Amino acid sequence: MAFASSALLPVAPVSDNCMIELREIEKRYPTGDTETVVLRDVSFRIDAGEFVAIMGPSGSGKSTLMHILGLLDAPSHGTYLLEGTDVAALPEDERAAIRSRRIGFVFQAFNLLPRATVFRNVALPLVYAGMARRVRRAHIERALTAAGLPADRWQHRSNQLSGGQMQRVAIARALVNDPALLLADEPTGNLDTATGEVVLETFQRLHQEAHRTIVLITHEQYVAEHAQRILHIRDGAIREDIRNHAPRIARITSPHAHP
Ligand SMILES: Nc1ncnc2c1ncn2[C@@H]1O[C@H](COP(=O)(O)OP(=O)(O)O)[C@@H](O)[C@H]1O
Ligand SMILES: [Mg+2]
């Protein structure tokens, strides 16, 4: 009797709140007549609402892992369940649809269109998603406000902004589709320490107030300590998975950061 419904259970272990589940992910690249193994036996889960840092030295496989988490690349082996869906098995058009609706990306190099206005940069994901112009405005304003960019900057061209402001625009662009998951690859890597705090403060606020799920990739212990949980990666394998019970609190101190 207790097992009567077990045949109906999905293969995945049921978790009310699981955002990401990786099982035995591997990534290999052919190199000449041999192979380079970049990720080996990577398995972990991230629940909705977690703020997790993935930390490791340069070349440890962080960006490769982020590309897999963001459906920009597929693993050579293993299972990836995103919100319970086995995404590794999906055709590219369905992966692209999930990517644009459910995932927001923030990169080290901001990747903004330099001569387009802030507003236009943040509008683009909505344009690609086919949202009508008249309904876009409210979404754009909400995202820019959440990312903390003052309204007097919204009509500036993005190349007229400071580094910290550019990263705020990139965060707004990542948020505008209201993604379930925010992925950030070395988002403070091009910023000085004080400006980096501005970005970390934004992530902490998005996590605490908006309960966003955030995966922050970094090679710096100091940056990782702003997250609730730290996964250490080395030579393509997860070596440690640590709860950070007392995350460092980002503080905006420098007037030059111009938040
Ligand atoms: N397309 C590729 N072909 C072969 N090797 C690659 C490729 N992409 C990445 N690698 C290798 O995988 C390793 C991890 O790279 P990456 O994920 O960018 O590390 P990280 O972001 O931690 O610096 C590096 O040794 C890199 O040279
Ligand atoms: Mg990298």
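The shell around ligand 1 is made of two nonpolar, eight polar and one charged residues (Ala, Val, Leu, Ile, Met, Phe, Trp, Tyr, Cys and Pro count as nonpolar, Asp, Glu, Lys and Arg as charged, and the others, Gly among them, as polar). Its members are Tyr29, Thr36, Val38, Gly56, Ser58, Gly59, Ser60, Gly61, Lys62, Ser63 and Thr64, where being near the ligand requires a C-beta atom, placed from the backbone, within 6 Å of it. Helix H1 (62–69) gives the largest share, three residues, and strand S2 is also among the elements that supply at least two. Helices (H or I, at least four residues) and strands (E, at least two) are DSSP runs, numbered from the N terminus.

Before we go on, a word on the model itself. It is predicted, with local features needing pLDDT of at least 70 and side-chain atom pairs counting only at pLDDT 80 or more, while totals for chains, interfaces and linings use all residues. Residues are numbered from 1 along each chain as its sequence is written, with chains lettered from A and ligands numbered from 1 in the order in which they are written.

Four strands form an open sheet in the order S2-S1-S4-S5, paired antiparallel (a pair needs at least two DSSP bridges between the strands). Strand S2 (34–47) and strand S5 (85–86) are the edges, each with a single partner strand, so one side of each has no neighbour in the sheet. At the S5 end, two bridges tie S5 to strand S4 (residues 77–82), and Leu81 lies opposite Asp86 in S5.

Now to the helix pairs. Helix H3 (residues 118–128) and helix H4 (residues 133–146) have axes that come within 10 Å and cross at roughly 120° (axes are lines fitted to C-alpha atoms, for helices over the stretch in contact, with angles from 0 to 180 degrees between N-to-C directions). That makes H3 oblique to H4 (angles under 35 degrees count as roughly parallel, over 145 as roughly antiparallel, 65 to 115 as roughly perpendicular and the rest as oblique). Phe119, Val122, Ala123 and Leu126 in H3 meet Arg136, His139, Ile140, Ala143 and Leu144 in H4, contact meaning C-beta atoms, placed from the backbone, within 7 Å. This contact has seven nonpolar, one polar and one charged residues.

Helix H5 (residues 163–175) and helix H6 (residues 193–210) come within 9 Å and cross at roughly 20° between their axes, so H5 and H6 are roughly parallel. Their contact divides into three nonpolar, five polar and one charged residues.

Notes. Contact = placed C-beta atoms within 7 Å.
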